[in-house]
Amino acid sequence: MNLYNHQYMEFVSKEDRIDFIWKSETKNMTDHDFQYTILRYASYVMEYRTKKVLIDLTDFKFTPSQASQQFHSDYVTRIYNMMGVTRKVFIAPFMESKVIGKEPGTDYENAFMASYAEGIKWLNQND
């Protein structure tokens, strides 16, 4: 079910997660747009009490500033920790698949997967 559709992204509700799908229009976004978008997604994680996070970077074209990266750490990561997120996967076809584990400040496992199928498989391990 499509929960939210915006020029830069869409959020799609799945059985046990909400997929965050970035669009190619992100090439025109600003840091403020980026911060608004990631906080908007975190609000859906809170509302739906989602434990698994999937972020599709396939068409993501923006490069967040250091301040926006810090914003993510200061706000979004704290929301994910507070809500008990257990796993977060980035779908990144331009990278090799790898499990990062818990990054500093996170209470959940992190991974980058080259395909959607790999990302779903990883998210559902140990269920």
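The buried residues of helix H1 are Phe34, Thr37, Ile38, Tyr41, Ala42, Tyr44 and Val45, where buried means under 20% relative accessible area, exposed means over 50%, and partly exposed lies in between (1.4 Å probe, protein chains only). They lie on the same side of H1, because they cover an arc of only 155 degrees around the axis, the arc being that of the directions from the helix axis to the C-beta atoms. An α-helix has 3.6 residues a turn, so residues three or four places apart point the same way. On the face turned away from this buried side, H1 carries the exposed residues His32 and Glu47.

This is a predicted model, in which local features need pLDDT of at least 70 and side-chain atom pairs count only at pLDDT 80 or more, while totals for chains, interfaces and linings use all residues. Residues are numbered from 1 along each chain as its sequence is written, and side-chain values use heavy atoms, with hydrogens and water left out. Helices (H or I, at least four residues) and strands (E, at least two) are DSSP runs, numbered from the N terminus.

H1 itself covers residues 31-48, and its 18 residues reach 26 Å from the first C-alpha to the last, close to the 26 Å expected at 1.5 Å a residue, a span taken as 1.5 Å times one less than the number of residues. After H1 comes Arg49, whose phi is positive, near 50 degrees.

What do the buried residues of H1 pack against? Their partners are strands E1 (2-5), E2 (9-13), E3 (17-22) and E4 (52-56), together with helix H2 (66-83), contact meaning heavy atoms within 4.5 Å. Of these strands, E1 and E2 pair in the antiparallel sense over three bridges, pairing being assigned if DSSP finds at least two bridges between two strands. A hairpin of three residues joins E1 to E2, and Tyr4 has Phe11 in E2 as its bridge partner.

Phe11 is also among the residues with the most contacts inside the largest nonpolar core, which has 30 residues, and so are Phe20, Trp22, Tyr41, Ile55 and Tyr80. A nonpolar core is a set of buried Ala, Val, Leu, Ile, Met, Phe, Trp, Tyr and Cys residues joined through side-chain atoms within 4.5 Å. Two or more residues come from each of E1, E2, E3, H1, E4 and H2, and H1 gives the most, with six residues. Leaving aside residues up to four places away in sequence, Ile55 touches Phe20, Trp22, Tyr80, Lys88, Val89, Phe90 and Ile91. Ile91 belongs to a second, separate core of eight residues, which also includes Ala111, Met113 and Ile120.
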